[in-house]
Amino acid sequence: MRMFELLRRPRAELDAPVWLSRATMILVVLVAAVAPLVSAPYVNFDRSMVLVYIVVGLGLNLLTGNTGQISLGHGFFFALGAYLSAVLVENHGVPYLILIPIAFAVGYIVGYLFGLPALRLHGLRLALATLGLALVTPAVIKRFEHVTDGQAGINIFGAEAPEFTGLARDQWVYYLCLVVALVAYLVVRRLATGRIGRSLIAIRDYEAVATTLGVPATRTKTTIFAFSAGLAGVGGVLYSFVVQYVGPEAFGLPLAIAFITMIVVGGLGTVPGVVFGAFFVVYVPQWTADINQSAAGITYGVALILFIFVLPYGVISLVRQGFGPVVARIPGRRRGGPAAAGAARPSTPGGGPEVVEEREVDESAATQLRTL
C-alpha cells in the first residue's frame, strides 16, 4: 500500500539549471537527428509516427491537461488534415510543404467554430459531444466519396526528398516530422509555462475565481481548443506523408482512444510527458501484438485503467521521482518560475482538479491569479 501511495503522489517539475536543461535538449535533438541515417526504413517509419503523435498530443494535452477540457474528437481534425493533404497534393498538385500552414489554419478555424458552442458544456457532456464527432468521422469521409474516394481511400506519392539532400524518402519525411515536432514543442512549452499557461491552470482549477478576476474563460478555452485542433490538422498532414495512404477506417474511435491514452500515460498537464506517451502508443501495441494478435486491441483500455488507478500522474511522475533527488544536488538550480505553480498541482486523468479541501483550492487559485 505504501508503494501505491508513492506512485499516486503528484511530483513537482524538475528544477534543473538552465544550462542542464539546454544541454539535455541539444543532446536529445542531436541523437534524434543522427538516428535516421543509421536506421532501416521501417524503424524510421515508427519513429516518424512517434513524432506525428507528439504534434497531436502537444495540442491535446494543452487542452485537456492544462485547461481541463476533455476532447475525444481530435481524430476528426486529424482526418481533416490528412485528407486535405491527400486531395490537394494528388488531385490538385499543391506543393506539399505549404500544406502544413494550410492545415493548421483550416484546423484552427474549424476547431474554433466547433468550440464556440461545444465549450459551453463541461465535463462529461463535453466529452460526449466530442465523442460524437469521433464516431461520425468515418461516415462523413465515406459520405463525400466524390472528394475522399470513400472506402477506397487515397494513395499519396508526394513528399519526395529533394535531390540535393541525398536522402531517402523515409529519412526526409522523418526530418520533416522532427522539425515540425520541435517547433510545436517549443511553442506549447512556452504557452504552458508563461502567462497564458497560468491562466489555463486557473481556469482548470477554479474557473469561477478566474472569471471574477478578469480571465476571459470562454474565449480562452475556445482559442486553446482551436489551437489544439490546428495542431491535430498538422499531425494529419504529417501522417499522410508517413503512411502514404489515407482511408476512413484509420480515423475511427480507436484513434481517439489512442490520443487520450497518450496524454494520460505520459502525464496530464506536462509537456515532456507527451513524448513518453507517443512512444507508448506506437511501440507497446506492436510488442503486445507479437505476443498475441488480440492483445493489441485491449492495450489502450488496460493502460488507461492501470494508469488512472495506479499511476494517475503518468510516466513523467516516475521520471521526476527518480531524477528529483539528483537534480536537487546540482548547484545553480532555478528558484520558483512560472512552471512551478502549474506543476505543483497537476490535473487528474478526469481533466479536472485533484480533490482537495476547499480552502486549499482557493489559496492555490488566488496564488496563480496574482501572477497574471
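How many aromatic pairs does a search of the whole structure find? I ran the search and got 17. Rings of Phe, Tyr and Trp (its six-membered ring) pair if their centres lie within 6.5 Å; planes under 30 degrees apart count as stacked, over 60 as edge-to-face and the rest as tilted.

I note that this is a predicted model, where local features need pLDDT of at least 70, side-chain atom pairs count only at pLDDT 80 or more, and totals for chains, interfaces and linings use all residues. Residues are numbered from 1 along each chain as its sequence is written, and side-chain values use heavy atoms, with hydrogens and water left out.

Helices are DSSP runs (H or I, at least four residues), numbered from the N terminus.

Next I took helix H3 (residues 41–66) and helix H10 (residues 217–243), whose axes come within 7 Å and cross at roughly 170°. Therefore H3 is roughly antiparallel to H10 (angles over 145 degrees count so). Axes are lines fitted to C-alpha atoms, for helices over the stretch in contact, and angles run from 0 to 180 degrees between N-to-C directions.

With Val136, Val140, Phe144, Val147, Leu253 and Ile257, Leu135 makes a nonpolar surface patch of about 520 Å².

How values were computed:
Patch = residues over 30% accessible without salt bridge, like charges linked within 9 Å, V, L, I, M, F, W, Y side chains within 5 Å. Areas by Shrake-Rupley, 256 points an atom, 1.4 Å probe, with all protein chains shown as cover. Salt bridge = Lys/Arg side-chain N within 4 Å of Asp/Glu carboxyl O. Helix = DSSP H or I, 4+ residues; strand = E, 2+ residues; numbered from the N terminus. Parallel < 35°, antiparallel > 145°, perpendicular 65-115°, else oblique.
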